[in-house]
Amino acid sequence: MDANEKALYDAMVACKVPGIIDAVNAADAAGMAPTAIIDTMAGAMSEVGVLFERGRIFLPHVLSAAAGMNKAMEILGPKLSKDGSVAARGLVVMGTVEGDVHDIGKSICSTMLQCAGFEIHDLGRDVPLGKFIEEVKGGCNFCGMSALMTTTMTGMKTVIEMMKTEGIRDKAKVMIGGAPVTQAYCDKIGADIYGESASETTEKAKAVTE
Amino acid sequence: MVVDYVTRMGDGRRVRLTKEQIMSDIVAGMSDGVDAACVPELSQDELDHICEVVCDQSKITSIEAGKEVVLSKDAGAIKFNQDNGGSGNAMPCMGRLEGILVYERAFGFDSMELAWMDYSVKPVKSIINCETANYEQMALMTTIPLIMGAMPNLGLYYAPDGPHPNPTDLMREFKIEESMASSEAAAEQLIKDIHYTCQEIEKVGCEGYNFDTVASAGDAEFYATLKGIEDYRKMNPNAYIECGMSAENVLGIHGQMEYDGKILGGMYPHEQVKVVEKAGANIFGAVVNTNTSKSFAWNVARSAVITKECVKTAKIPVHANMGMGVGGIPMCELPPVDITGRAAKILIDIANIDGI
């Protein structure tokens with residue numbers, strides 16, 4: 001990691017918007033490629049997620065780092081595309097499945113995914129299973145579902161079956177998580193991504209898009 | 001010939017590992033716990049003891065006679081009288097009283113809790129007058145200390161279930177101050193509800209209250225619970241108050257909530273217990289989460305190192321939460337008997353817990 005990359009990384013992990021903007025401007029002035037700047041910041045954002053999960057920093061810090069990243073995109077956007085826009089990594093529908101109202105973990109995961117550059121359609125908690133199908137039909141290429149109860153996690157399997165019935169299973173990667181959900185359950189029901197934590201889910205979703 | 005041992009993964013699957021693999025997982029799990037909670041490492045003797053217990057191929061493993069610990073209970077008899085999904089281990093024909101008596105007379109529990117099926121402070125508040133009548137009846141038919149219990153569950157105070165906007169949704173819209181204000185307002189409402197329920201149970205001479213799954217919605221919930229405990233302690237200096245956590249660290253959703261001058265977000269069990277003590281609880285329920293992708297050896301060593309520091313720091317008894325997905329126990333609806341005994345033995349021998 002060279003000096004510019006380190007300065008960018010450290011500014012992101014410090015989670016202060018002015019510091020992040022200064023580091024982005026310095027790296028840009030030093031001739032660092034916009035894509036390299038974004039990649040470095042994205043790597044730091046993963047570290048920010050881990051620090052949050054370990055209790056070293058708090059959700060406002062995470063959002064502050066994400067706000068800094070958004071500002072950086074505004075600065076770098078014109079250099080990345082003609083119209084100044086930056087494409088999202090993917091369009092994600094997120095929700096806690098029908099019958100389940102435990103959505104804290106899902107909301108944190110939505111936040112982490114948003115910080116990593118995904119566009120999020122968060123449907124909240126107790127989401128009717130058909131809503132996930134509608135969102136995939138509407139263009140979401142990731143379908144994220146959470147559950148905290150063994151009695152509700154079976155809804156994830158139902159959504160996958162509904163996707164197959166509708167002929168849209170290949171339109172979206174299915175991500176699942178929540179306390180009772182495991183990799184074995186993910187494999188059993190034919191989901192694509194299991195996340196032990198919000199940061200792990202985000203890393204796996206990013207890996208799919210790279 | 002390489003000898004391997006049957007053990008389990010954090011999701012309950014059976015696996016065969018060599019002693020070297022088990023020891024490697026124990027060291028890795030302990031190191032992860034040390035790094036996460038910033039606690040001292042276990043000694044080589046302690047690591048060897050964990051390895052010996054994990055490798056013991058007896059189906060049931062237990063502690064030495066004389067090292068028995070106290071058993072307390074959260075979630076009342078819900079495991080008996082409510083359906084537990086696909087496991088089939090619920091007995092819907094069993095009422096709450098019968099369930100409590102089974103815990104008292106068949107399982108040898110030392111205290112028990114009366115829990116309403118909708119096990120959160122907010123719904124319990126609305127039926128508290130029925131519950132106090134039920135409590136009186138059941139207290140007459142039981143011998144062990146019988147307390148009330150519910151989860152503070154601040155999530156129910158946020159939209160769509162409550163009047164306050166969801167703080168994590170506001171955060172995603174970068175409305176950080178509004179998010180914090182929402183958490184603070186919801187916490188104040190929860191404090192009032194805890195006060196009301198405690199005031200009502202006091203009228204029938206209830207022996208105490210178990211605050212269960214605390215801080216599930218983060219630091220604001222932990223703050224409200226601590227204030228609720230403080231208030232209840234003032235109401236009844238002799239009340240028997242338990243405070244059991246929901247996770248190993250307090251999520252800093254608000255980030256600036258303080259109690260006794262300490263920031264609550266990011267606290268691990270050895271820090272949590274100090275504020276719980278200060279608030280006036282009698283028992284602290286320490287939680288260490290299970291990683292379903294790691295082995296039992298990894299998880300139980302991590303649980304032992306984090307819990308040990310908590311017990312060392314505590315002035316009140318520490319009861320480790322040991323059930324589905326916590327305390328080294330795999331994430332199974334019906335925790336396997338070959339693991340529960342091992343996990344209990346390790347936490348009693350290494351972490352010196354006072355109860356489970």
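I start with one pair in chain B: the side chains of B:Asp4 and B:Arg16 meet in a salt bridge, 3.1 Å from N to O. By salt bridge I mean a side-chain nitrogen of Lys or Arg within 4 Å of a carboxyl oxygen of Asp or Glu. This pair links distant parts of the chain, with B:Asp4 in strand S1 (residues 4–8) and B:Arg16 in strand S2 (residues 14–18), 12 residues apart. Strands here are DSSP runs of E, at least two residues, and helices are runs of H or I, at least four residues, both numbered from the N terminus. B:Asp4 counts as partly exposed at 31% relative accessibility, while B:Arg16 is exposed at 54%. The classes are buried under 20% relative accessible area, exposed over 50%, and partly exposed in between, with a 1.4 Å probe and protein chains only.

Some conventions. This is a predicted model, in which local features need pLDDT of at least 70 and side-chain atom pairs count only at pLDDT 80 or more, while totals for chains, interfaces and linings use all residues. Residues are numbered from 1 along each chain as its sequence is written, chains are lettered from A and ligands numbered from 1 in the order in which they are written, and side-chain values use heavy atoms, with hydrogens and water left out.

Over all chains, the structure holds 32 salt bridges. A:Glu161 is partly exposed at 39%, and A:Lys157 is partly exposed at 38%. Back in chain B, B:Glu173 and B:Lys175 form another, with the closest N and O atoms 3.1 Å apart.

Now the interface between the chains. How many residues of chain B are in contact with chain A? There are 40, and they meet 31 residues of chain A; contact means heavy atoms within 4.5 Å. The buried area is about 2,700 Å², of which carbon and sulfur atoms give 59%. That area is the accessible area (1.4 Å probe) that two parts lose on being put together, summed over both.

The count of salt bridges between the chains is four. In one of these, B:Asp161 pairs with A:Arg125, the closest N and O atoms being 2.3 Å apart. Both residues belong to a salt-bridge network that also includes A:Asp103, A:Lys106, A:Asp122, B:Asp169 and B:Arg172. On the chain B side, helices H1 (19–37), H7 (167–172) and H8 (176–202) each give two or more residues. H7(B) has the largest share, four residues.

Last, chain A by itself. An automatic or database domain assignment gives domain 1 (3–80) and domain 2 (91–209). Their centres, taken over C-alpha atoms, are 27 Å apart. The contact takes 12 residues from domain 1 and nine from domain 2. About 790 Å² is buried between them, with 68% from carbon and sulfur atoms. A:Ser46, A:Phe52 and A:Glu53 supply 43% of the area that domain 1 buries there, more than any other three residues. The count of salt bridges between the two domains is zero.
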